[in-house]
Amino acid sequence: MDGVAAAFSHNATTMQNRLGLGVGLRNTHFDHILAERPAVDWFEAISENFMDSGGRPRAILRDIAQHYPVVLHGVSLSIGSTDPIDRGYVQRLRRLADEVDARWVSDHLCWTGVLGINSHDLLPLPLNGEVLAHVTSRVQAVQELLGRSLVLENPSTYLRFRDSEVSEPDFLRALCDATGCRLLLDVNNVYVSCYNAGTDPQDYLDAFPFERVVQLHLAGHQHCGTHIVDTHDRPVSDAVWALFARAWQRSGGAATLLEWDGNVPAFERVHAEVLRAREFMALLEGQSSGTGTEVPPSVLKDALHESESDEVLSTPADFLVPDVMGRSRLQPV
Amino acid sequence: MSAVAPGLHALQRWMLDALVAPESADRATIDDLVRPGARIDAAACLDIYRRSYVLRLRRCLAEQFPATRHALGAPLFDDFADTYLRDCPSDSTTLYELGRRYPGWLEANRPDRDAPEDEREDWIDFLVDLATYERELFRLFDARGHEGQRWPNASTDDDDLVLQSCLSLAQYRYPVAWYYHEVRASRSPPFPPYAESCVAVLRRDYHTTTYPVSGLHYRFLTQLQRHGSIDAALDDIAAWTGRVVSVVRASWTNEVRRAWIDAGFFVNRAGG
């Protein structure tokens with residue numbers, strides 16, 4: 001690790017990574033949150049929903065940041081792209097992070113586009129030495145521009161390239177060692193990617209550099225029989241809860257957040273879903289005090305649900321589009 | 001080609017092409033580059049990304065143009081969306097910009113684009129106007145506005161009044177604002193007959209309001225936007241209508257001024 005990486009690593013160790021149980025901030029919940037000030041530990045805001053906003057979304061985020069800890073989570077940094085780093089994007093991200101006192105800024109180990117085109121998807125990278133060197137240099141540059149450590153998330157993947165040579169946990173460990181960046185472990189993504197690749201999620205967790213983890217993600221997925229799609233549109237599956245319990249323990253109680261982006265229910269339902277994490281935390285505390293039991297093996301088996309629709313959408317982006325029509329009116333003057 | 005990671009650059013170009021223009025990826029190349037999944041082959045793995053790419057962006061476009069989608073019907077809207085996304089793939093880090101080029105694309109790709117203007121299809125003109133209006137509403141929703149600052153009132157001098165930044169003026173060939181708000185009210189408006197309309201659209205307190213205005217008021221507002229001066233705009237109207245300035249000014253002062261100030265057309269020249 002060079003001096004810069006060590007500096008960011010030191011900075012990262014001071015991160016408050018025990019924020020508790022948070023909820024992803026979504027447009028449809030704005031009015032409820034403003035009116036009710038629900039007892040949520042913290043919120044995660046999608047960076048791109050707010051960083052270019054001159055309207056209500058940014059004003060609401062500023063308001064929320066005065067009452068709750070806020071973390072920024074991006075989907076367009078494209079850290080693995082071979083396009084030049086979009087310095088304007090990073091500078092606007094930094095301004096927003098400073099404005100809302102973001103506890104940290106995260107994005108994904110992926111690329112979203114090339115040649116100036118954005119797919120708005122989290123596309124997979126081949127994991128090998130060439131790509132590690134490429135991503136390392138870009139993480140270092142972004143951290144310089146951001147003035148803070150970057151947190152990277154393992155994405156859900158549906159394909160693997162033939163020229164991948166190392167596992168994702170090993171790739172992320174090497175990236176952290178070289179740059180001092182930190183990690184957001186999405187437990188649902190682990191389950192989805194491993195199922196699709198035919199690998200064991202327990203092996204994935206065993207190899208993961210938990211000492212770098214500041215945050216965990218939970219979400220629902222759709223099982224399509226031959227593969228699983230990360231849909232964020234339903235409750236967390238039992239199998240993912242079981243993985244979460246082990247990941248949360250190994251991370252030393254990292255901040256945990258639920259993402260719910262498609263068919264988003266009322267806020268109370270979303271909040272109740274993330275609070276289910278307490279059941280698993282209590283089980284673990286019982287184990288450590290000798291009064292509890294193991295996480296039951298039955299929850300490790302996920303039920304197979306055939307897809308009811310061929311419109312299965314990975315990481316739905318509806319939540320990125322505000323309800324403009326709902327705030328528009330026609331009026332004679 | 002990228003100076004760094006040339007292998008990665010070529011791979012990313014290939015995969016993006018495969019998403020935007022699926023026929024560009026042949027089966028042999030897919031098998032060369034992609035491992036099969038645990039239960040599906042390599043092409044099926046890539047297809048998961050292809051389907052999501054189209055569905056995600058199509059859905060976003062539908063949310064940005066709900067009234068245009070209503071007018072076209074979902075199947076035709078989706079067909080247009082797919083072609084638009086292929087011709088104009090997203091070039092922004094934010095999906096808010098996905099529909100920026102859509103009205104212009106509709107106009108450029110109208111099937112009667114080579115016909116003389118008076119022989120063109122009415123319904124296409126209507127769709128282009130409607131999409132233009134929807135895009136402007138979307139832009140104003142999140143543009144930098146005047147919320148949180150002081151607004152002028154009736155006692156503010158004309159010299160201190162300037163149009164606010166979150167205000168847009170437009171002329172349409174069809175009553176698209178009416179059509180849009182009929183759709184918003186969950187009604188099923190018919191295709192409206194030709195009727196030129198002028199509107200001022202502005203945002204105040206994070207609500208976007210469309211005010212239909214007369215042709216005369218539209219000209220006044222346009223001049224005000226151009227010159228930044230109420231006196232200059234009144235002079236223009238006087239010259240245009242052949243009336244003396246004092247008569248025009250009296251009309252402005254007595255019939256229009258207060259309502260426009262209260263509605264949020266203006267901010268103080270010196271700022272909030």
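Biologist: How many residues of chain A are in contact with chain B?

Modeller: This is a predicted model. In it, 57 residues of chain A are in contact with 64 residues of chain B. The size of an interface is often given as the accessible area lost when the parts come together; here we count residues in contact instead.

Biologist: Which elements give two or more residues to the side of chain A that touches chain B?

Modeller: They include the helices α4 (56–65), α6 (129–146) and α8 (187–197) of chain A. Among the strands are β5 (111–114), β6 (117–123), β8 (160–161) and β14 (328–330). The largest share, six residues, comes from β6(A).

Biologist: What is that side made of, by class?

Modeller: On the side of chain A that touches chain B there are 26 nonpolar residues, 19 polar and 12 charged.

Biologist: Which strand of chain B is joined to β8(A), and do the two run parallel or antiparallel?

Modeller: The partner is β1 (residues 34–35) of chain B; two bridges join the strands, and they run antiparallel. Within this pairing, Arg160(A) stands opposite Arg35(B).

Biologist: Now a single residue. Where is Pro152(B) found?

Modeller: Pro152(B) lies in the loop of chain B between α7 (122–142) and β2 (161–163).

Biologist: Is Pro152(B) buried or exposed?

Modeller: Pro152(B) counts as buried because it has 20 C-beta neighbours inside 10 Å, and the cut-off for buried is 20 or more.

Biologist: Which residues does Pro152(B) touch, leaving out those up to four places away in sequence?

Modeller: Pro152(B) touches Asp160(B), Leu161(B), Ile261(B), Phe266(B), Val267(B) and Asn268(B). As for Val162(B), 10 residues away along the chain, its C-alpha atom is 9.8 Å from that of Pro152(B).

Conventions: Residues are numbered from 1 along each chain as its sequence is written. Chains are lettered from A and ligands numbered from 1 in the order in which they are written. This is a predicted model: local features need pLDDT of at least 70, side-chain atom pairs count only at pLDDT 80 or more; totals for chains, interfaces and linings use all residues. Helices (H or I, at least four residues) and strands (E, at least two) are DSSP runs, numbered from the N terminus. A residue is buried if 20 or more other C-beta atoms lie within 10 Å of its own, exposed if 12 or fewer, and partly exposed in between; C-beta atoms are placed from the backbone. Two residues are in contact if their C-beta atoms, placed from the backbone, lie within 7 Å. Ala, Val, Leu, Ile, Met, Phe, Trp, Tyr, Cys and Pro count as nonpolar, Asp, Glu, Lys and Arg as charged, and the others, Gly among them, as polar. Two strands pair if DSSP finds at least two bridges between them.
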